[in-house]
Amino acid sequence: LPVPGYLAHAEKRLREENERLLHYLDQSSKWQLIHTVEKQLLAQHLSSILSKGLDLLLEENRTEDLQLMYNLLGRVKTGQQELCSKMAEYVKKRGKVIVINPEKDKTMVQELLDFKEKLDKILRQCFRNNDKFVTSLKDSFESFINQRQNKPAEMIAKFVDSKLRAGNKEASEEELEKLLDKIMVIFRFIHGKDVFEAFYKKDLAKRLLVGKSASVDSEKSMLSKLKAECGA
């Protein structure tokens, strides 16, 4: 039985037991019985539920199944803890594919932005923005993004340059501002910030010298974000 089907089955069985208790059994035996069912259905299969199902559900963005997994595993002693560490493994593995492959350099930053947005949404919708999951996600991003030195920093600088140049397709300054904020989130994970700074300053000078800047306000906004972040 595939994991989503198994989770639905486990939820159904627990619900049935609960209803049976309400109608027939003495309340004092309730906890013991439910605990036995949880142990049989969830605790004993915890590692296989996670190893066989989690990556696929995350990859395919199956939010309802992920929410159900989070809720069910919350009924087992170390369930959510193990879910959190398995999610971190997935993020590192999947993220490394984005930053390590030179063929992906041109799309790297957009893919990172999309990946982060997708995971933030999963954390919000499925994992109730659990603090441990939020911290784990940040640590995982920082871990994989720095597995390739300097290149992510360079590509982020080039991405910013492409967005701040005249003629870029961002519809409004407001949208551009939102995008710059998202880029800053990714930028914070990078250790080689000086590499970014070197590329950024060179591109900024070029934009200003040849009058190719899309918006003076956006330029100022980006500079103030960097100043707040790096004190530069």
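Asn129 is partly exposed, at 37% relative accessibility, where partly exposed covers the range between buried (under 20% relative accessible area) and exposed (over 50%), computed with a 1.4 Å probe on protein chains only. The model is a predicted one, in which local features need pLDDT of at least 70 and side-chain atom pairs count only at pLDDT 80 or more, while totals for chains, interfaces and linings use all residues. Residues are numbered from 1 along each chain as its sequence is written, and side-chain values use heavy atoms, with hydrogens and water left out.

Asn129 is placed in the loop between helix 6 and helix 7; helices (H or I, at least four residues) and strands (E, at least two) are DSSP runs numbered from the N terminus. The phi of Asn129 is near 50 degrees, a positive value in a residue other than glycine. Asn61 also has a positive phi, of about 60 degrees, and is not a glycine. Asn61 is found in the loop between helix 3 and helix 4 (63-73). With a relative accessible area of 35%, Asn61 is partly exposed.

Two packed helices are described by the angle between their axes and the distance between the axes. Here axes are lines fitted to C-alpha atoms, for helices over the stretch in contact, and angles run from 0 to 180 degrees between N-to-C directions. Helix 6 (residues 108-125) and helix 7 (residues 131-145) have axes 11 Å apart and pack at an angle of about 165 degrees. Helix 6 is therefore roughly antiparallel to helix 7, a class for angles over 145 degrees, with those under 35 degrees counted as roughly parallel, 65 to 115 as roughly perpendicular and the rest as oblique. The crossing of helix 6 past helix 7 is right-handed: the near helix is turned clockwise from the far one by less than a right angle, anticlockwise being left-handed.

On the helix 6 side, Leu112, Phe115, Lys116, Leu119, Asp120 and Leu123 meet Phe133, Val134, Leu137, Phe141, Phe144 and Ile145 of helix 7, contact being defined as heavy atoms within 4.5 Å. By class, this contact of helix 6 with helix 7 has 10 nonpolar, no polar and 2 charged residues; Ala, Val, Leu, Ile, Met, Phe, Trp, Tyr, Cys and Pro count as nonpolar, Asp, Glu, Lys and Arg as charged, and the others, Gly among them, as polar.

Phe141, in helix 7, is buried at 0% relative accessibility. Leaving aside residues up to four places away in sequence, Phe141 touches Val91, Leu112, Phe115, Lys116, Leu119, Ile186 and Phe189. Phe141 and Glu174 are separated by 33 residues in sequence and by 27 Å in space, C-alpha to C-alpha.

A second pair is formed by helix 8 (residues 151-164) and helix 10 (residues 193-209), whose axes come within 8 Å and cross at roughly 25 degrees. Helix 8 is therefore roughly parallel to helix 10. Ala153, Glu154, Ile156, Ala157, Lys158, Val160, Asp161 and Leu164 of helix 8 make the contact with Val195, Phe196, Phe199, Tyr200, Asp203 and Arg207 of helix 10. These residues of helix 8 and helix 10 divide into 9 nonpolar, no polar and 5 charged. Helix 8 passes helix 10 in a right-handed crossing.

Helix 1 and helix 3 (residues 46-59) have axes that come within 9 Å and cross at roughly 120 degrees. Val3, Pro4, Tyr6 and Leu7 of helix 1 make this contact with Ser48, Ile49, Lys52, Gly53 and Leu57 of helix 3. The contact of helix 1 with helix 3 has 6 nonpolar, 2 polar and 1 charged residues.

Tyr6 lies in helix 1 (residues 3-23) and is buried, at 16% relative accessibility. Not counting residues up to four places away in sequence, Tyr6 touches Leu1, Gln40, Leu41, His45 and Ile49. Between Tyr6 and Lys132 there are 126 residues in sequence and 26 Å in space, C-alpha to C-alpha.

In helix 4, Asp65, Leu66, Leu68, Met69, Tyr70, Leu72 and Leu73 are buried. The cover over the buried residues of helix 4 includes helix 1, helix 3, helix 5 (79-100), helix 6 and helix 7.

The structure holds 0 disulfides, a disulfide being a pair of cysteine sulfur atoms within 2.5 Å. The sulfur of Cys126 is 14 Å from the closest cysteine sulfur, in Cys84, and so too far for a bond. Cys126 is buried, with a relative accessible area of 1%, whereas Cys230 is partly exposed at 31% relative accessibility.
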